[in-house]
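Please read it beside the sequence and the structure.

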Amino acid sequence: MNQKKLKLLDTILEEQKNSEKLLGASLRIEHKGKKVYENIIGTDRKDSIYKIFSMTAPITAVAAMILYERGQLDLMRRVSDYLPAFKDMYVASPSGVHKAEQPITIHNLLNMTSGIVSLGEYGEAERSMTRVYREAKTQVGSGILKSDIDVFNKLAEAYLAFEPGTGFKYGYSADILGGVIEVITGQSLDEFFKKEIFTPLNMEDTSFYIDDANSLRQAVLYRRKKDNTLKRAEVDVKQRLEMEDPFRKPWYQSGGYGLYSTVEDYTHFSKMLLNKGSYNGKEILGRKTFEFMTTNQLSEAQLAQFKMDGCIGYGYGNYFRTLMDPAAATSNGSRGEFGWDGAAGTYFLVDPVEELIIVYMQQIDTGCDYSLIRSLKQVIYGSL
């Protein structure tokens, strides 16, 4: 890669820092197996630990597909075969609430086509999930719900946004898939992750909480002010993001949002994906399974609903966006590059064509500045 062009990244990040739009961040680029760029700015450090939020989901997808390859997980099976509370679901539609006609399958969970939503106030489904989720958290604290499996069955009380398989909606599907993994393996999600993914990939600092011994390594969480500059996040922001006590085990292990990780660890995970399932001679997944996971699996109608920020021109596989239309994305990247991002602005990209990995980490309440991400990617691809 053209190192002179890559130096433009320094300028972009320094301008962000000087304008106080970015007070802490890390960017790492690897090309053809070698680190070609790294920049750590502001309050962050080389070994900072970040909450990666939705970048947890690709790890959960890999865990599920490990079971798939072993013949233990059939994607056409009903979720209710593992979590019985999902047998009789209800859909909240503009005409009212009615019983779902179709069952939720494992494949629906993997593609976010289940109708399961996340918290919010937009529509009856989101409002019901907000209520049920809060009840579940309270009931865990009081001892009524005694396990993660109990929590996932409780979440089945929330309404679906549409008939399973007919639409797309980002929500708690990956969390529910984590519950399915726990039922099949008889292990907690962190146990299975550690044995099958984290240990083989040398991801020593990736977990559902930060060990007390590493407390000083936690990246600072910021929030944006009205003028778009940053300040350290207050307690209420941390509580809303469920980061008020990152040094204690969470009230449940979220396969969609729950992990903390580092640039180094997530680079190891990305290298495994770039190598189509292998890392340093260890095979996590087979090549054909990797190809299946990172291929668009949404129908035209579902793609029309996949209008998330940063995903214009992309399709969606098993918790991965995948570039289908570079022109629509205004991208000089490669068709088939894939990745995902997180609620506090973490972002990763794997490009098998160019043998390229980009891992970017920050901790800002409002998430990615996709204009900044596009600028960084334009420079990086322009350096090839």
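Glu20 is found in the loop between α2 (8–18) and β1 (24–31), where helices (H or I, at least four residues) and strands (E, at least two) are DSSP runs numbered from the N terminus. This is a predicted model, in which local features need pLDDT of at least 70 and side-chain atom pairs count only at pLDDT 80 or more, while totals for chains, interfaces and linings use all residues. Residues are numbered from 1 along each chain as its sequence is written, and side-chain values use heavy atoms, with hydrogens and water left out.

**Backbone**
- Most residues other than glycine have a negative phi.
- Glu20, although not a glycine, has a positive phi of about 60°, and with 39% relative accessibility Glu20 counts as partly exposed (buried means under 20% relative accessible area, exposed over 50%, partly exposed in between, with a 1.4 Å probe and protein chains only).
- Asn228, in the loop between β6 (222–224) and β7 (230–232), likewise is a residue other than glycine with a positive phi, near 75°, and Asn228 is partly exposed at a relative accessible area of 33%.

**Helix packing**
- Helix α3 (residues 57–69) packs with α8 at an angle of about 80°, their axes being 10 Å apart (axes are lines fitted to C-alpha atoms, for helices over the stretch in contact, and angles run from 0 to 180 degrees between N-to-C directions).
- That angle makes α3 roughly perpendicular to α8, a term for angles of 65 to 115 degrees, with under 35 counting as roughly parallel, over 145 as roughly antiparallel and the rest as oblique.
- In this contact (heavy atoms within 4.5 Å), the residues of α3 include Ile59, Val62 and Ile66, and those of α8 include Phe192, Phe193 and Ile197.
- By class, the contact of α3 with α8 has nine nonpolar, one polar and one charged residues (Ala, Val, Leu, Ile, Met, Phe, Trp, Tyr, Cys and Pro count as nonpolar, Asp, Glu, Lys and Arg as charged, and the others, Gly among them, as polar).

- The largest pocket has a volume of about 1,200 Å³, and of its 42 lining residues the closest to the centre are Phe53, Arg240, Leu241, Tyr257 and Ala343.
- On a 1 Å grid over the protein atoms alone, a pocket is an open set of points where a 1.4 Å probe fits, with protein on both sides within 12 Å along at least five of seven lines, and lining residues have an atom within 4 Å of a point; a volume is the space filled by probe spheres set on the points.
- The largest share of this lining, four residues, comes from α5.
- The second largest pocket, of about 460 Å³, takes the largest share of its lining, four residues, from helix α8 (residues 189–198).
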